Amino acid sequence: LREDSYFYTGVIQGANGYREEQNAMPFPVTMEVLKRGQERFNIYCTPCHSRVGNGLGEIVQRGYKPAGNFHDQVRLAQPLSHYFYVMTHGYGAMPDYSAQLEPADRWAVAAYIRALQLSQAATAQDVPSGEKVQNLKDLAAAEGHADYAEPWTLPATAVQAYAHDAKQGTPAMAPANPADPMIVI
């Protein structure tokens, strides 16, 4: 039943004998797949990674070890299947989510993470011709929402955790620049 090992593992057997992650999905990414990935991401990932993926979710703000920032250079460089693999096996303080997310949902979340990363660096030139581009602050104000585009600060507990990590000689997982606003449109 598991003929497509990449779909179930997120790795392929490389020519050198090592298992290698790939920057590819095992099935086409449709809007339905991205919506499913967003739904699963919002349920399982936002407590630690936040809805914008900056690693400063509610649990982190309450003192848990800082989560990975999907917008830092390390995670931007990761192949797509890396996210699937980490959801399957866990990594560091992150447990595996293989019991909560079936393989197709882990792939959908990986696709959504990539879309989230791309959205943070999008420019007006990336928008198809004829599509309307709106400033998020203006749109939020028109709909009566709070201004979501303001920079956030690193919670004091996370700053203490970074300081502790530095004393222990382990690398800190600080955002590339916590003062940069990240806007998802």
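Arg62 and Glu58 form a salt bridge, with their closest N and O atoms 2.6 Å apart; the term denotes a side-chain nitrogen of Lys or Arg within 4 Å of a carboxyl oxygen of Asp or Glu. Arg62 is exposed, at a relative accessible area of 64%, whereas Glu58 is partly exposed, at 45%. Here, buried stands for under 20% relative accessible area, exposed for over 50%, and partly exposed for values in between (1.4 Å probe, protein chains only). The model is a predicted one, in which local features need pLDDT of at least 70 and side-chain atom pairs count only at pLDDT 80 or more, while totals for chains, interfaces and linings use all residues. Residues are numbered from 1 along each chain as its sequence is written, and side-chain values use heavy atoms, with hydrogens and water left out.

Salt bridges with shared partners also join Arg36, Glu39, Arg40 and Asp105 into one network. Helices (H or I, at least four residues) and strands (E, at least two) are DSSP runs, numbered from the N terminus. Both partners are partly exposed, Arg36 at 34% relative accessibility and Glu39 at 36%. Glu39 also meets the side chain of Arg40 in a salt bridge of 3.6 Å, N to O. Arg40, in turn, is buried, with a relative accessible area of 13%. Side chains of opposite charge can pair when their charged atoms come close. A search of the whole structure finds five salt bridges.

Turning to the overall fold, the protein has nine helices and two strands, arranged along the sequence as α-β-β-α-α-α-α-α-α-α-α. Of its 185 residues, 36% are buried. The protein exposes about 11,300 Å², of which carbon and sulfur atoms supply 54%; accessible areas come from the Shrake-Rupley method with a 1.4 Å probe, and for residues only the protein chains shown count as cover. Among contacts (heavy atoms within 4.5 Å) with a separation of 6 or more, 56% are between residues 24 or more positions apart.

In soluble globular proteins, nonpolar side chains tend to be buried together. Val109 touches Gly37, Arg40, Phe41, Cys45 and Met87, residues up to four places away in sequence not being counted.

Helix 6 is mostly covered, with eight of its 10 residues buried: Leu80, Ser81, His82, Tyr83, Phe84, Val86, Met87 and Thr88. The cover over these buried residues includes helix 1, strand 2 (19-21), helix 5 (73-76) and helix 7. Just after helix 6, Gly90 takes a positive phi of about 80°.

Arg114 lies in helix 7 and counts as buried because its relative accessibility is 18%. Leaving aside neighbours within four places in sequence, Arg114 contacts Asn23, Leu76, Gln78, Pro79, Leu80 and Tyr83. Arg114 and Arg75 are 39 residues apart in sequence, and their C-alpha atoms are 9.9 Å apart in space.

Finally, a word on confidence. The mean pLDDT of the protein is 80, and 76% of its residues reach 70 or more; pLDDT is the predictor's confidence in each residue, from 0 to 100. Confidence is highest in helix 2, at a mean of 97, and lowest in helix 9 (residues 156-168), at 47. Over residues 161-185, pLDDT stays under 50, and the model has 45 contacts beyond four places in sequence for this stretch.
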